Amino acid sequence: ELPELIPVSYQGSEYCTSESILGVFNRAEKYLNVNTQNKEILPVIVFDEIGLAELSANNPLKVLHNKLEIENIKVSFVGISNWRLDASKMNRALYLARPDPDEKDLVFTAEAICGNKINMDAKNSRIIQTLAKVYCNLRDRLKEKRKEDIFGLRDYYFLIKGVTSDLQILEGRKQEVLDYNTEMYTIIRKNLKKNFSGLGDEPEYLWKQFCL
């Protein structure tokens, strides 16, 4: 019974222009007078990486000042950013901030990623919980050392995916493996190195924390 949502997507970058942003609003507004099967349509502009557009030398987001005023806005608007925009844009919208997930959130997400791909026995469950803990430790360590945090949740998710995929293969070969535990820990160390290299000694730090 509700209106049909039509997302009108726009990818922000440092090369955005005011004209291209206005073009997205024009595209979205064209849906306002369209009915499909007597059903109302609600266009929604989804502006991804709006924070990158704010860095543009062209200052393209200045057009939002007028477009997002209550008396002017005609379509719904969602902007997604990895950081806060300046107040002149943010006071024209509802601002929702998602804090960093805590250890419990990370375990919950990791278990969802694993699904039923591996047998979630006590050992595998402990591995997942420990990987979440060492990722939290790394995050805190980088903040303490005031080092740039080039590692994000994507790296953690790919760590869990990689470990899960490799353990799934290992479980299938269980009968022919001479030292299951050694192979299992080799998999974990390999995936830590694969997803957290490039800044310093982080892979070794994570491995030592995991072993502790």
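Predicted model: local features only at pLDDT ≥ 70, side-chain atom pairs only at ≥ 80, totals over all residues.
Student: Start with helices. At what angle do α7 and α8 pack?
Tutor: Helix α7 (residues 153-172) and helix α8 (residues 180-195) pack at about 155 degrees, and their axes are 9 Å apart. Helices here are DSSP runs of H or I with at least four residues, strands are runs of E with at least two, and both are numbered from the N terminus. Axes are lines fitted to C-alpha atoms, for helices over the stretch in contact, and angles run from 0 to 180 degrees between N-to-C directions.

Student: Parallel or antiparallel, then?
Tutor: α7 and α8 are roughly antiparallel to each other. Angles under 35 degrees count as roughly parallel, over 145 as roughly antiparallel, 65 to 115 as roughly perpendicular and the rest as oblique.

Student: Left-handed or right-handed crossing?
Tutor: The crossing of α7 and α8 is right-handed. A crossing is left-handed if the near helix is turned anticlockwise from the far one by less than a right angle, and right-handed if clockwise.

Student: Which residues in α7 and α8 meet?
Tutor: On α7 they include Phe158, Leu159, Val163 and Leu167, and on α8 they include Tyr180, Met184, Ile187 and Ile188. Contact means heavy atoms within 4.5 Å.

Student: Tyr180 is in that list. Buried or exposed?
Tutor: Tyrosine 180 counts as buried, at 17% relative accessibility. Buried means under 20% relative accessible area, exposed over 50% and partly exposed in between, with a 1.4 Å probe and protein chains only.

Student: What does tyrosine 180 touch?
Tutor: Leaving aside residues up to four places away in sequence, tyrosine 180 touches Leu170, Glu171 and Lys174. C-alpha to C-alpha, tyrosine 180 and leucine 170 are 8.1 Å apart in space, and they are 10 residues apart in sequence.

Student: How does α6 sit against α7?
Tutor: Their axes come within 11 Å and cross at roughly 160 degrees. α6 and α7 are therefore roughly antiparallel, and their crossing is right-handed. Among the residues that meet are Ile128, Leu131 and Tyr135 in α6, with Tyr156, Ile160 and Val163 in α7.

Student: And α6 against α8?
Tutor: The axes of helix α6 (residues 122-144) and α8 come within 13 Å and cross at roughly 25 degrees. That makes α6 roughly parallel to α8, and this crossing is right-handed. Lys123, Asn124, Ile127 and Leu131 of α6 meet Asn181, Met184, Ile188 and Leu192 of α8.

Student: Which residues of α9 are buried?
Tutor: In helix α9 (residues 202-211), Glu202, Pro203, Tyr205, Leu206, Trp207 and Phe210 are buried. What covers them includes α6 and α8.

Student: Changing topic: how many aromatic pairs?
Tutor: The count comes to nine. Rings of Phe, Tyr and Trp (its six-membered ring) pair if their centres lie within 6.5 Å; planes under 30 degrees apart count as stacked, over 60 as edge-to-face and the rest as tilted. One of the pairs is tyrosine 10 with phenylalanine 47, which is edge-to-face at 4.9 Å centre to centre, with 70 degrees between the planes.

Student: Where do tyrosine 10 and phenylalanine 47 lie?
Tutor: Tyrosine 10 is in strand β1 (residues 4-11) and phenylalanine 47 in strand β2 (residues 41-48), so the pair ties together parts 37 residues apart in sequence. Tyrosine 10 is buried at 13% relative accessibility, and phenylalanine 47 is buried with a relative accessible area of 2%.

Student: Which rings make up a cluster?
Tutor: Ring pairs link Tyr135, Phe151, Tyr156, Tyr157 and Phe196 into a cluster.

Student: Which charged side chain lies over tyrosine 205?
Tutor: Arginine 141 lies over the face of tyrosine 205, 4.2 Å from the ring centre. The rule is NZ of Lys or CZ of Arg within 6 Å of the ring centre and within 35 degrees of the ring normal. The charged end of lysine 161 also sits over a ring, that of phenylalanine 158, 5.1 Å from its centre.

Student: Last one: what is phi of glutamate 49?
Tutor: Phi of glutamate 49 is near 55 degrees, a positive value in a residue other than glycine. Glutamate 49 is in the loop between β2 and α2 (50-54) and is partly exposed at 21% relative accessibility.

Conventions. Residues numbered from 1 in each chain as written. Heavy atoms only, no water.
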